Amino acid sequence: MKIAVLPGDGIGPEVTREAVRVIEALGLPDIEMKEAPVGGAAYKAYGHPLPAETLEIARLSDGILFGAVGDPDCDSLERHLRPEQAILGLRKELTLFANLRPAKVFAGLEGHSALRPEVAGAIDMVIVRELNGDVYFGEKGFRTAANGDREGYDVMSYNESEVRRIAHVGFRTAMGRNKRLCSVDKANVLETSQLWRDVVIEVAKEYPEVTLEHMYVDNAAMQLVRAPGKFDVVLTGNLFGDILSDQASMCVGSIGLLASASLGERQTAHGTFGLYEPIHGSAPDIAGQGLANPLATILSAAMLLRHSLGLATAADRVEAAVAKTLADGVLGRDLGGTAGTTEIGDAVLARL
Ligand code: NAD
Ligand code: IPM
Ligand code: MN
């Protein structure tokens, strides 16, 4: 079983290192990990954020462990050369259209949420975010407006097949949980969202056991801090899902805790091919200082073991070790503690 390891930029390599140590410590037979450059690091060495060799290593793997990309040095490059194009390119090229971002409060961490403990304690949701469409991938550019002003534009669109396939993922996820799906859109203003809502309603007919609710994104942002425990599965588009999941992370306690799986339809020998990454970025403000919380990446590795390699028991072990680490009070600076990146990794290893 092949894992492609793509550490990337900033804290990416720091947090990925800890996740690789955890996978190694499991002593699983037949696992081969192969590292490849992405992001600003790849641009600086090879002139492209997603070199063809890296894409090939990713394509030939059963699952990809991804750190983070983004480098302030690259912020003025032409867009197609910027580090972020690596993750966007992988998601698109490999048709990884379904992004699962679970958000659940860990026992003992209720008091570390940005919300009151009794509000935070009820959080147990999965955000199902579409990843291959929306305003991210529409026509974009700069032009001159009628009055001579400079103008930027990004076209937002979804076609019905794109909505249908992610809606099925949302409903199936709900069927495996508490059978409640909240579809988040902005149908009161956007035609893209009206189509989204119409298609979700059509797909819902195939899942009569699931209770479907629709919510405008502005209200969803509010409800997420008012009563996050009311959400089970949140189904939404690329942009809204990006924003709401960062917000959900602070309801749980830290952006350093939220993992993700990006899946498509391709099957591996033991599961579904996918890319696994923390929801956070390269955090240039703390990079190179050993301060990053590696738990989101370690939890992403657990998702890889479960979804792409069919190793549910190993995934359970990793998740239990992470939960124990937090319950024992081994906290990074992001959670008000003092433990550094390696120290947190060591704590997880000791509890495996
Ligand atoms: P960010 O997620 O990198 O950081 C936001 C804040 O959270 C920072 O203060 C950072 O120090 C903190 N933080 C993030 N991860 C942490 C961790 N594991 N432990 C402790 N603290 C953590 O978002 P940003 O600052 O908006 O973006 C920085 C760069 O990362 C940008 O170039 C952006 O495009 C990129 N980015 C990449 C990805 C990805 O690779 N998938 C995701 C988000 C942002
Ligand atoms: C994420 C990131 C990416 C996104 C960026 C880096 C392209 O914010 O993975 O959440 O917007 O999808
Ligand atoms: Mn994001």
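Which residues are around ligand 2? Select E84, I87, L88, D242, I279 and G281, the residues around this ligand, where a residue is near a molecule if its C-beta atom, placed from the backbone, lies within 6 Å of it. This is a predicted model, in which local features need pLDDT of at least 70 and side-chain atom pairs count only at pLDDT 80 or more, while totals for chains, interfaces and linings use all residues. Residues are numbered from 1 along each chain as its sequence is written, and chains are lettered from A and ligands numbered from 1 in the order in which they are written.

Stay with ligand 2 and colour helix 4, residues 84-93, which gives the most to the shell, with 3 residues (helices are DSSP runs of H or I, at least four residues, numbered from the N terminus). By class, this shell holds 3 nonpolar, 1 polar and 2 charged residues, with Ala, Val, Leu, Ile, Met, Phe, Trp, Tyr, Cys and Pro counted as nonpolar, Asp, Glu, Lys and Arg as charged, and the others, Gly among them, as polar.

Finally, select helix 6 (residues 160-175) and helix 7 (residues 191-204), whose axes come within 9 Å and cross at roughly 50°; the axes are lines fitted to C-alpha atoms over the stretch in contact, and angles run from 0 to 180 degrees between N-to-C directions.

Terms used
Helices (H or I, at least four residues) and strands (E, at least two) are DSSP runs, numbered from the N terminus.
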